[in-house]
Structures are given as structure tokens and as C-alpha cells.
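The following exercises concern the structure shown below.

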Amino acid sequence: MTGRTTPPPERDPGLQPERTRLAWRRTTLASTVAALLAVKTCLHRGPTAAGIVACALCCALWLTFLLVAHHRIRALANPRPRALAPRHATAAALCAVALAACAAALVV
């Protein structure tokens, strides 16, 4: 043994942003399905005031999540993307949880 160490292989910086971008797309698709099912449920049961408010809230949450996701997907297109801002991460998490809660409230 000569005491020389081999340098670690270089990491491809393009793989992780690509996986993250695909994860944002999948989450956006799932939230779209949840919002559409909420609208379908609201329309299927007939228009009630509570149903319309819940449906409108689901749509607003979905649009907010879409905005945050689009912002992040665009940022990941750069060769060296910046880290996700804490306010964007908080907004995305709150929208996802609130959208799931609204959709569940409409189903029950």
C-alpha cells in the first residue's frame, strides 16, 4: 500500500434535482386529483353552502400549491438550484395538509 487514496467519484449534480422535480410533479398530480374529487363530490351531492365553501377552499389551496410547485420546478431547471426557501416549504406543506383535510371533509 502506497498511502495514496483515490479521490471520491464526482457526483452528478443533475440527478438529484431531476428526482426532486419529478417528486414535485407527482405531488402536484396527487393534489390535482384530490381537488377534482372534491369538486366532483360537491357537485354530485348537490350545491349546498357548506359544500360550495369547502369546494372553493379546495380550489384555492390547489392553486396555491400549484404556484409553489411551479416556482420550485422552475428553480430546479437551473444547473445549480438554490435550496427551497422555508416559507415556500411551509406553504407547500400547509396546502397539502389542508387540501387533504378539505377533501376528506367533503367525502364524509
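A salt bridge is a side-chain nitrogen of Lys or Arg within 4 Å of a carboxyl oxygen of Asp or Glu. The model is predicted, so local features require pLDDT of at least 70 and side-chain atom pairs pLDDT of 80 or more, while totals for chains, interfaces and linings use all residues. Residues are numbered from 1 along each chain as its sequence is written, and side-chain values use heavy atoms, with hydrogens and water left out.

**Exercise 1. The salt bridge**

Task: Determine how many salt bridges there are, and state which residue forms a salt bridge with R21.

Solution. Step 1: applying the rule gives a count of one salt bridge. Step 2: the partner of R21 is E18, and their closest N and O atoms are 2.7 Å apart. Step 3: both residues belong to helix α1, where they are three residues apart, about one turn of the helix. Helices here are DSSP runs of H or I with at least four residues, strands are runs of E with at least two, and both are numbered from the N terminus. Step 4: accessibility is classified as buried under 20% relative accessible area, exposed over 50%, and partly exposed in between (1.4 Å probe, protein chains only). E18 has 35% relative accessibility and therefore counts as partly exposed. R21, at 21%, is also partly exposed.

**Exercise 2. The surroundings of R21**

Task: Identify which residues R21 touches, not counting residues up to four places away in sequence.

Solution. Step 1: a contact means heavy atoms within 4.5 Å. Step 2: with those sequence neighbours left out, R21 touches I73 and L76. Step 3: R21 and R74 are 53 residues apart in sequence, yet their C-alpha atoms lie 8.9 Å apart in space.

**Exercise 3. Two helices**

Task: Describe how helices α1 and α2 are arranged, using the crossing of their axes.

Solution. Step 1: two packed helices are described by the angle between their axes and the distance between the axes. Axes are lines fitted to C-alpha atoms, for helices over the stretch in contact, and angles run from 0 to 180 degrees between N-to-C directions. Step 2: the axes of α1 (residues 15–45) and α2 come within 9 Å and cross at roughly 165 degrees. Step 3: α1 is therefore roughly antiparallel to α2; angles under 35 degrees count as roughly parallel, over 145 as roughly antiparallel, 65 to 115 as roughly perpendicular and the rest as oblique. Step 4: T27, which is in helix α1, has its C-alpha atom 9.4 Å from that of F65, 38 residues away along the chain. T27 is partly exposed, with a relative accessible area of 37%.

**Exercise 4. Two further residues**

Task: State whether R72 is buried or exposed, and which residues H88 touches, not counting residues up to four places away in sequence.

Solution. Step 1: R72 is found in helix α2 (residues 49–76). Step 2: R72 is buried and has no salt bridge, since E18, the nearest side chain of opposite charge, is 12 Å away. For charge, Lys and Arg count as positive and Asp and Glu as negative; His and the chain ends are not counted. Step 3: beyond residues up to four places away in sequence, R72 touches W24, R82, A83 and L84. Step 4: H88 lies in helix α3 (residues 86–107) and is buried, with a relative accessible area of 16%. With the same exclusion of sequence neighbours, H88 touches V68 and H71.

**Exercise 5. The whole chain**

Task: State how many helices and strands the protein chain has.

Solution. Step 1: the protein chain has three helices and zero strands. Step 2: 25% of its 108 residues count as buried.
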